[in-house]
Structure formats: C-alpha cells, structure tokens
Amino acid sequence: MENNKIIQIEGLCKSFGDVRAVRDLSFSVGEGEFFAFLGENGAGKSTTIHILCGQLPKDCGRVVIDGVDLDKDPFAIKEKLGVVFQSSVLDAPLSVYDNLASRAALYGICGEEFRKRLSELSAMLDLGDLLKRRVGKLSGGQRRRIDIARALLHRPKILILDEPTTGLDPKTRKLLWGVIDGLRKTEKTTVFLTTHYMEEAAEADHVVILDNGSLIAEGSPLELKNAYTGDFITLYGVDEEGVRSLGIPYEPTSGGYRLAVENTAAATELIVANPEIFRDYEIIKGKMDDVFLSATGKTLKGDDA
Amino acid sequence: MITTVALIKRNVKLFFRDKGMFFTALITPAILLVLYATFLGNVYEDSFRLGLGGAEISDELMGACVGGQLISSILAVSCVTVAFCSNMLMVQDKANGSRRDLMISPVKASTLSIAYYAATLICTLLICFVATAICLGYLAVIGWYLSVGDVLWLLLDVLLLAMFGTALSSVINFFLSTQGQIAAVGSVVSSGYGFLCGAYMPISQFGEGLQRVISFLPGTYGTSLLRNHALRGALSEMESQGIPSEAVEEMRDAIDCNLYFFDIKVDLRVMLAVLASTVVLLLCVYIFLNLRKMKKIGR
C-alpha cells in the first residue's frame, strides 16, 4: 500500500452467472484526489462501487481502503466512506431532521454531537428551512442536498458520488460542486465520482474509463486528451477553398471551419506555414467526450443501472 | 444500543406516518366489524338461542356472548394482519433502496433484523392494545361478565398472538424484495388469515378434513384462547342461570372454545404452550435465516 493512495484495487473480479461484470480491474486513488470513474451503462462501475462499500462480495482480487483490507475489516472501511446514491434513498414520509438523526445513529452519533454536526452541515448546505419538512415533499435539488448531508454526517475520508447531478438544474449543480470543492479544500476529502457529464469529469485529477468490466484508459484529463484526441483549430474569416487547400480534415461550424490536427505542435506548424489563412483562429484541446468516444468507440449517455 | 433504538424509532415512525401501511393493517378488522354489524351478529344470536333450546336468557347475557365472539375474532386477526403490514417495512426498505443506505453504514445486519422485529412488535401491540381497550369498552356497554383475571388473560393472549404474527411475518417477509410481492402477500394474509384462524367463521362449521388440517395451524389456538377468555364469564353465567351444562358445552364446541386435535380436546395450557413454542420456533428460523445471509455476504 502506497502512503498517499487511499483506495487501492488489485485484480478485482466479479461475475453474475455467465456475465463477467468486472474483469481483473486494478487502479488506485490518491488521498484528497478528485477521481472520476467513467463507463457506459453496464461497464461495471456500480458493481465496483458496491464491492468497495461491502455490499457485494467479490470473486477475486484485493481492495484496500485507507490501509484497511476489505476482507479483514469491512466495518472499519464503512466508517471511511460516505455515499451519495444515484437516486435518493432516504425515507420520504419522515422529516429531514428525523432522517438525518436516524442515519447519524448508525455511526453512533447522537445527542449534542449530532446537533453540532447538523448545525455544521446546515450551514454548509443551507438546510435551515428544510429540516422540519418531509423528504417526500422536497424538490430534486433540495433532496440532493439532504443526500449529501447524510453522506457527510460521519465525516468520511472518501465521498463516493454515484451520478450525483443527474436531473438537477444548473443552479443546484453549481451549488453542489461548490460544496464538494469546499470539502476537498477544507477537509481534504477524497471524491470518487461516476457521472455522465463529461464536463464534470474534465475537472478531475485522475480519470479511469471502464468498458465491459475492464480498465481501458486512465490518467489525468490532459493525459487522456493528449493520448486519445488531437487538437482542434477553429478558423474564421476564410472561404472553404482556402481551408480545403490545407489538405487536412475539416468541418463547417458556426461562422468558420473546425480543423482536426494531431496535437498542439502540429497545429503550430500548420499555422506558421500558412500565415495568410490563419489570421483569425482559436486552438482547443479535444473534450472528454472525444476521449471517451475514442477510447470506447461509444458515446456516454443515459442512466447507469 | 443507540443504533438499535434509533432504528426502532425510525421504523415505528415510518409505519404510523405511512398511511398506506397503517390503513391496510386495519382493513381486516374493519371487514369483521362490517360483517358483524350487517348480519353475522344476528346469525350468531339466532344460533345461540337455538342451541339453548328455547331457554330464556337476558339480552345483556346474549350481548356478552355475541360481543365476546366479535372481539375475540377482531383481536385474533388484528394481531397477525397488523404485524404483517407493519413488517412490510422490511420489504419496502429493500424495494426502495433504503436498505442499501442502511447497509452502507457500519451497522450489523443482525441489528437491522432485531430493529425490524422490535418495531413491528411495538406497532402491533400499540394498535392491538388500543383495539383491546375499545373492545372491552364495547363489552362493558352490551354485557360485561369478565373478571380481572379474564382481562389479564386476554392481554396475555394478545401479546402472544402479536409475537406470533411478528415472528411469522418476519420469516415470510425475509424472502420478499419487491412491491409486487408486498401487495400479493398482504392481500393473501388480509383475506385468508381470518378464515384460517376461525375468525370469520367458527372452525367447527368447516368440513372434518379441513378442520384436521387447520388444527395443525398454531394461529387457530390463539383464536381459541381469546374466545375462551372473552366468553368465559358469559358462559359461566349461563350455567349459573340454570342452562344445562351439556347445552353450554355444545355452545363451546360450536364457537371454537373447545378445539379438537384428531378428536382429542386440547387443553388451554396446551394451546398456550403451542402458541409460545411456535413463537420460539419461528424466532429461531428468523435468526437462522439472518445468520445464513450474514455469512453469505460476510457481515
């Protein structure tokens, strides 16, 4: 176990009958890191998370979290994890306060200790007016804030977010990411994210892409972009004849043309060689969508089961 | 302990806040009340008078007999159907994902199981003891012949039957995991248990083969215990008013105060022992099922 690795997974396997959901999966997550776990539906993300959380037995492999082997002390690991599920799993007929009180008691937090933590979370997530309301009567965004409060009740070292922003409006999404960024800065919480929003994954420190239960790509977003996509130059104020004369693939965009080049160096070379054409332009890296498409041959959309 | 108490509080609150579960639990007792109010009460009264061979008894004493029959039936089914409905929370938690949220914490599966059992028992007892109080109030109005001992026995019967209903529902619900299964089991229990335990209709009126089959079902003895304790005072009063003991004994047979296991009359103490042993046996099965599951998932 490396000192700065808070999650280490080695040779993880899990099958359901003939279906091999996770195949010899190995990766690690650094302490305090923002980690994104990507894959299309059925790629094995949820299965891996269920194994990490001790909700599903693995067939083989080793999982070590914060120095604790999952096989040796699963209860100690549960103390270190906070999970925000894809959909809210709190008790709809009960008030927010009752929900949080009953969940805090699962970690032995009650009385004054609970009230103090609730006050901290209320300030962090702006829960003040919601505490007396029934969870079933809250909007999707309000419910998501309660889900995050529930996950943070016991100050976990690792926060697992399983598609946390799916279906949320931009304002609530921004609020949630503000809270999560704050947590990373103030409490050094490690964030383990699965998402279908590639712009969220682009903010990660480290990304792992799964396909059919196997790891097919990993690295920082920049490394992945460099490895799996080229750069794009958007060229303005020229006619199509001039663009065609460059002899490289292009497509029309709003007000100009988008050229695909291998990398930034190739872009620079092309611009220097054709100054009469490149008078108004911008160079951008490929997006995480392009990385995902290039690595898996599939686009990422829909909800994971 | 903090965790167990918190989970019990959560489960009890959820039962009483979830109007669907709460009112479903009261359907069977409500059906019984409607049946008695519309025709069963009159049927029993006519049948009792016929059985007494024209002997004159007061309306109050007749009311105590018919009322005793009614309240014992209501309490017999309530203890089991309320327990089943309350314990549906165990299945609902699996169906709506709450169970995953609970299991993500360092709580033991055994703690969850204990909390479900205890919360179900508390909900069932709360409702059934309130129902018992209302039933006794009803008897006080139409004809009271119970002693303090009878009332205490009735309360013990309710306690035992509630424990039986809770243990039985815990074992059955253990295997359920979807809303469809909840609805199916809820419907079968609500509609079927009243017949099987002799609440809607005395077992003595069933065919001989069916009577023998039903004599193997422990819930039947719970109904009979309630009948005996709810009607003891009224039937004794009949004897003291000169009604022949043979006629009263026939009445006991007709309304299931006397139960027969292959023609052998079952003593009240044996009925108690059967019910208590069944509770212990079901609890052992519930514990075994939980231990097996915990071993399987390594918790």
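In this predicted model, Asp98(A) and Arg17(B) form a salt bridge in which the closest N and O atoms are 3.7 Å apart. The rule finds 5 salt bridges across the interface of chain A and chain B. Across that interface there are also 10 residue pairs in polar contact, both partners having pLDDT of 80 or more. On the side of chain A that touches chain B, helix 2 (74-80) and helix 3 (96-105) of chain A each contribute at least two residues. That side of chain A comprises, by class, 14 nonpolar, 4 polar and 7 charged residues.

The extent of the interface can be stated in two ways. In terms of residues, 25 from chain A are in contact with 23 from chain B. In terms of area, the size of an interface is often expressed as the accessible area lost when the parts come together. For chain A and chain B the buried area is about 2,400 Å², and 60% of it lies on carbon and sulfur atoms.

A second salt bridge between the chains is formed by the side chains of Arg103(A) and Asp101(B), with an N to O distance of 2.6 Å. Arg103(A) belongs to helix 3 of chain A, whereas Asp101(B) belongs to helix 5 (residues 98-103) of chain B, so this pair joins two chains. Arg103(A) and Asp101(B) are both buried. They also take part in a network of salt bridges that links Asp91(A), Arg103(A), Arg150(A), Arg10(B), Asp93(B) and Asp101(B).

Arg62(A) forms a salt bridge with Asp69(A), the closest N and O atoms lying 3.3 Å apart. The limit for a buried residue is under 20% relative accessible area.

The other pair consists of Glu120(A) and Arg117(A), whose salt bridge has its closest N and O atoms 2.8 Å apart. Glu120(A) and Arg117(A) are 3 residues apart in helix 4 (residues 111-125) of chain A, and therefore about one helical turn separates them. Glu120(A) is partly exposed, at 27% relative accessibility. Arg117(A), in contrast, is buried, with a relative accessible area of 4%.

The discussion now turns to chain A as a whole. Chain A contains 11 helices and 14 strands. Its division is into domain 1 (5-224) and domain 2 (230-285), and the C-alpha centres of domain 1 of chain A and domain 2 of chain A are 42 Å apart. Taken along the principal axes, the C-alpha atoms of chain A fill a box of roughly 75 × 45 × 35 Å. Of the 305 residues in chain A, 52% count as buried. Among contacts in chain A between residues at least 6 apart in sequence, 68% join residues at least 24 apart.

Definitions and conventions: Residues are numbered from 1 along each chain as its sequence is written. Chains are lettered from A and ligands numbered from 1 in the order in which they are written. This is a predicted model: local features need pLDDT of at least 70, side-chain atom pairs count only at pLDDT 80 or more; totals for chains, interfaces and linings use all residues. Side-chain values use heavy atoms; hydrogens and water are left out. Domain bounds come from an automatic or database domain assignment. Contact means heavy atoms within 4.5 Å. Buried area is the accessible area (1.4 Å probe) that two parts lose on being put together, summed over both. A salt bridge is a side-chain nitrogen of Lys or Arg within 4 Å of a carboxyl oxygen of Asp or Glu. A polar contact is a pair of N or O atoms within 3.5 Å; within protein, one must be able to donate a hydrogen and the other to accept it, and residues adjacent in sequence count only if both atoms are side-chain atoms. Helices (H or I, at least four residues) and strands (E, at least two) are DSSP runs, numbered from the N terminus. Ala, Val, Leu, Ile, Met, Phe, Trp, Tyr, Cys and Pro count as nonpolar, Asp, Glu, Lys and Arg as charged, and the others, Gly among them, as polar. Buried means under 20% relative accessible area, exposed over 50%, partly exposed in between (1.4 Å probe, protein chains only).
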